[in-house]
Amino acid sequence: MADKIKDAKIIFVVGGPGSGKGTQCEKIVAKYGYTHLSSGDLLRAEVSSGSERGKTLQAIMQKGRARPAERLAACRDTVLDMIKDAMIAKAGVSKGFLIDGYPREVKQGEEFEKKIGKPCLLLYVDAKGETMVKRLMKRGETSGRADDNEETIKKRLDLYYKATEPVIAFYEGRGIVRKVDSELPVDDVFAQVAKAIDALH
């Protein structure tokens, strides 16, 4: 089964909360026919499905008051299996895969390559910290999400930078990182994204 995805085009999409990477992923899917897989969405869907795997994940996530990073580490193998299953399910119809919010650390990237395959591009959707805070605060006015308040947002950004910088440096060493400036209007950002993807084809 894994052979089906061995030669698939795989793009890691990295960007902080509020960087606009979700919007860019939607545009890539619409233009290029890629499949967008978000590790967070897969995790939530699995937990709410009530499957055996979902129950295991829920138990890990509810253990005490473990920090999100520790919980994620405990879920790491399961998340990787879920990404792989989702990729195999779409292998026949997808032009490529956008892996969103993964890897969170270099070790995850290495595991991914061992079990699934190498990314051909790491798309780094980059916005300034204060821009992301502003965007998330604005979203918080309408989203009703408890974690869209300034203090929580700043903590999330802090965690994001600590986790992501080594990942970006690791893939920069391979020369596959393309950084796009998401301070620009959405379509201008996508023009940069499209240029990076067109170079793969």
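Predicted model: local features only at pLDDT ≥ 70, side-chain atom pairs only at ≥ 80, totals over all residues.
Biologist: Happy with that! What share of the contacts in the protein chain with a separation of 6 or more comes from residues 24 or more positions apart?

Modeller: The count takes contacts with a separation of 6 or more in the protein chain. Within that set, residues 24 or more positions apart account for 77%.

Biologist: Which pattern does the protein chain follow when read along the sequence?

Modeller: Helices (H or I, at least four residues) and strands (E, at least two) are DSSP runs, numbered from the N terminus. The protein chain has eight helices and five strands. Along the sequence they follow the pattern β-α-β-α-α-α-β-α-β-α-α-β-α.

Biologist: And what is the radius of gyration of the protein chain?

Modeller: Along the principal axes, the C-alpha atoms fill a box of roughly 45 × 40 × 30 Å. The radius of gyration is taken over C-alpha atoms, and the globule rule is 2.2 Å times the number of residues to the power 0.38. With eight helices and five strands, the protein chain is as compact as a globular protein of its 201 residues, because the rule gives 17 Å and the radius of gyration is close to that, at 17 Å.

Biologist: How far apart are the centres of the positive and negative side chains?

Modeller: Lys and Arg count as positive and Asp and Glu as negative, without His or the chain ends. Each charge is placed at NZ of Lys, CZ of Arg, CG of Asp or CD of Glu. There are 36 positive and 30 negative side chains, and the centres of the two sets are separated by 2 Å.

Biologist: On to the rings: why is the pair of Phe12 and Tyr171 classed as it is?

Modeller: Rings of Phe, Tyr and Trp (its six-membered ring) pair if their centres lie within 6.5 Å; planes under 30 degrees apart count as stacked, over 60 as edge-to-face and the rest as tilted. The structure holds six aromatic pairs. For Phe12 and Tyr171 the centres are 5.8 Å apart and the planes stand at 75°, so the pair is edge-to-face.

Biologist: How many residues apart in sequence are the parts that Phe12 and Tyr171 tie together?

Modeller: The rings of Phe12 and Tyr171 are 5.8 Å apart, centre to centre. Phe12 sits in strand β1 (residues 10–15) and Tyr171 in helix α7 (residues 150–172), so the separation in sequence is 159 residues.

Biologist: Is Lys162 buried or exposed?

Modeller: Buried means under 20% relative accessible area, exposed over 50% and partly exposed in between, with a 1.4 Å probe and protein chains only. Helix α7 holds both Ile153 and Lys162. Ile153 is buried at 0%; Lys162, at 60% relative accessibility, is exposed.

Biologist: How far apart in space are Leu37 and Asp100, C-alpha to C-alpha?

Modeller: Leu37 lies in strand β2 (residues 35–38) and is buried, with a relative accessible area of 8%. Leaving out residues up to four places away in sequence, Leu37 touches residues including Ile83, Phe97 and Asp100. Leu37 and Asp100 are 63 residues apart in sequence, and their C-alpha distance is 5.9 Å.

Biologist: Last one: what is the relative accessibility of Ser19?

Modeller: Ser19 is placed in the loop between β1 and α1 (21–32). Residues up to four places away aside, Ser19 touches Val125, Ala127, Met132, Arg135 and Ser182. Ser19 counts as buried, with a relative accessibility of 2%.

Key
Residues numbered from 1 in each chain as written. Heavy atoms only, no water. Contact = heavy atoms within 4.5 Å.
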